[in-house]
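Subject: Handover of a structure

Dear colleague,

Please find below the structure that I am handing over to you. My findings follow it, grouped by region.

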Amino acid sequence: MLIASQKKKENIAEYLLYMWQIEDLIRAYKLDMEAINREIVEKFDQPAETKKAILDWYESLVDMMRREGVVEHGHLQLNKNVIIDLTDLHLRLMKSTKEPFYSAEFYKTLPFIVELRSKAKENIKGEIETCFDALYGVLMLRLQGKEISPETQRAISQISRFLALLSEKYKQDRNNELEL
């Protein structure tokens, strides 16, 4: 909750990846609130009232996961909404004549997106979600201590640059500092 709130303000891409991790963490604890409290919440060095707020936040996420049918896989609607917002902004940026650098960065990333989509075969997603899936997949491989090939690392570097730029544009847009 504390980390998510800060990431949402500072970097929407990091926020979304963090929230996907939280979804998987909740699944790893089998949506068991007692285990989540004991293994996660209680380990925060925070006052009791803050721990209670964190526990309530996890509880609300667990409830949403159950209601939305994403207990085993998939993403919460609140996280899907971030992808929708970023996709909408991406499309606006691509149409704008005031953002040639953004368009250029996207076109540098596009071959990697096309390659990733060709490997997906079924369940083809939008360009922005494909980028996030790639970053999250590599994050999971790293957490498992698995090796990342040089080609994958090159793709991830470009995708990361692109999403960092999109995140910065998102922040500017939210602060009414983006003129398209």
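Helices in this message are DSSP runs of H or I with at least four residues, strands are runs of E with at least two, and both are numbered from the N terminus. In that sense, D173 belongs to helix α8. Please bear in mind throughout that this is a predicted model.

Overall architecture

The chain has eight helices and zero strands. Read from the N terminus, the order of elements is α-α-α-α-α-α-α-α. The C-alpha trace spans about 50 × 40 × 30 Å along its principal axes. Of the 180 residues, 40% count as buried. When contacts between residues at least 6 apart in sequence are considered, 65% of them join residues at least 24 apart.

The nonpolar core

The largest nonpolar core contains 52 residues, and I26, Y58 and F132 are the members that touch the most others. Two or more residues each are given to this core by α2 (12–28), α3 (33–39), α4 (48–68), α5 (77–95), α6 (100–120), α7 (127–143) and α8 (150–174). Helix α2 supplies the largest share, at 10 residues.

Which residues does F132 touch, when those up to four places away in sequence are not counted? The partners of F132 are A13, L16, L17, W20, I83, L86 and L163.

Packing around α7

In the pair formed with α6, the axes are 10 Å apart and the packing angle is about 75 degrees. Because angles of 65 to 115 degrees count as roughly perpendicular, α6 and α7 are placed in that class. On the α6 side, the contact is made by F106, T109, L110, I113, L116 and R117, and on the α7 side by E127, T130, C131 and A134. By class, this contact of α6 with α7 comprises six nonpolar, two polar and two charged residues.

In the pair formed with α5, the axes come within 9 Å and cross at roughly 125 degrees. Helix α5 is therefore oblique to α7. Here α5 contributes I83, L86, T87 and H90, while α7 contributes E127, I128, E129 and F132. The contact of α5 with α7 has four nonpolar, two polar and two charged residues.

Is D173 buried or exposed? D173 has a relative accessible area of 15% and is buried, because the cut-off for that class is under 20%. The side chain of D173 makes a polar contact with the side chain of R92, at 2.9 Å. Leaving aside neighbours within four places in sequence, D173 is in contact with L89, R92 and L178.

R38 is located in helix α3. With 48% relative accessibility, R38 counts as partly exposed. A polar contact of 3.2 Å links the side chain of R38 to the side chain of E39. R38 and H75 are 37 residues apart along the chain, and their C-alpha atoms are separated by 24 Å.

Loop residues

The loop between α2 and α3 holds K30 and L31. Neither residue is a glycine, yet K30 has a positive phi of about 55 degrees and L31 a positive phi of about 60 degrees. As for accessibility, K30 is exposed, with a relative accessible area of 69%, whereas L31 is buried, at 6% relative accessibility.

K98 is situated in the loop between α5 and α6. With neighbours within four places in sequence left aside, K98 is in contact with E179 and L180. K98 and L116 are 18 residues apart in sequence, and the distance between them is 29 Å, C-alpha to C-alpha.

With kind regards

Methods: Residues numbered from 1 in each chain as written. Predicted model: local features only at pLDDT ≥ 70, side-chain atom pairs only at ≥ 80, totals over all residues. Heavy atoms only, no water. Core = buried A, V, L, I, M, F, W, Y, C linked by side-chain atoms within 4.5 Å. Buried < 20%, exposed > 50% of the residue type's maximum accessible area, 1.4 Å probe, protein only. Contact = heavy atoms within 4.5 Å. Polar contact = N/O pair within 3.5 Å; in protein donor to acceptor, adjacent residues only side chain to side chain. Axes fitted to C-alpha atoms, helices over the stretch in contact; angles between N-to-C directions. Parallel < 35°, antiparallel > 145°, perpendicular 65-115°, else oblique. Nonpolar A, V, L, I, M, F, W, Y, C, P; charged D, E, K, R; others polar.
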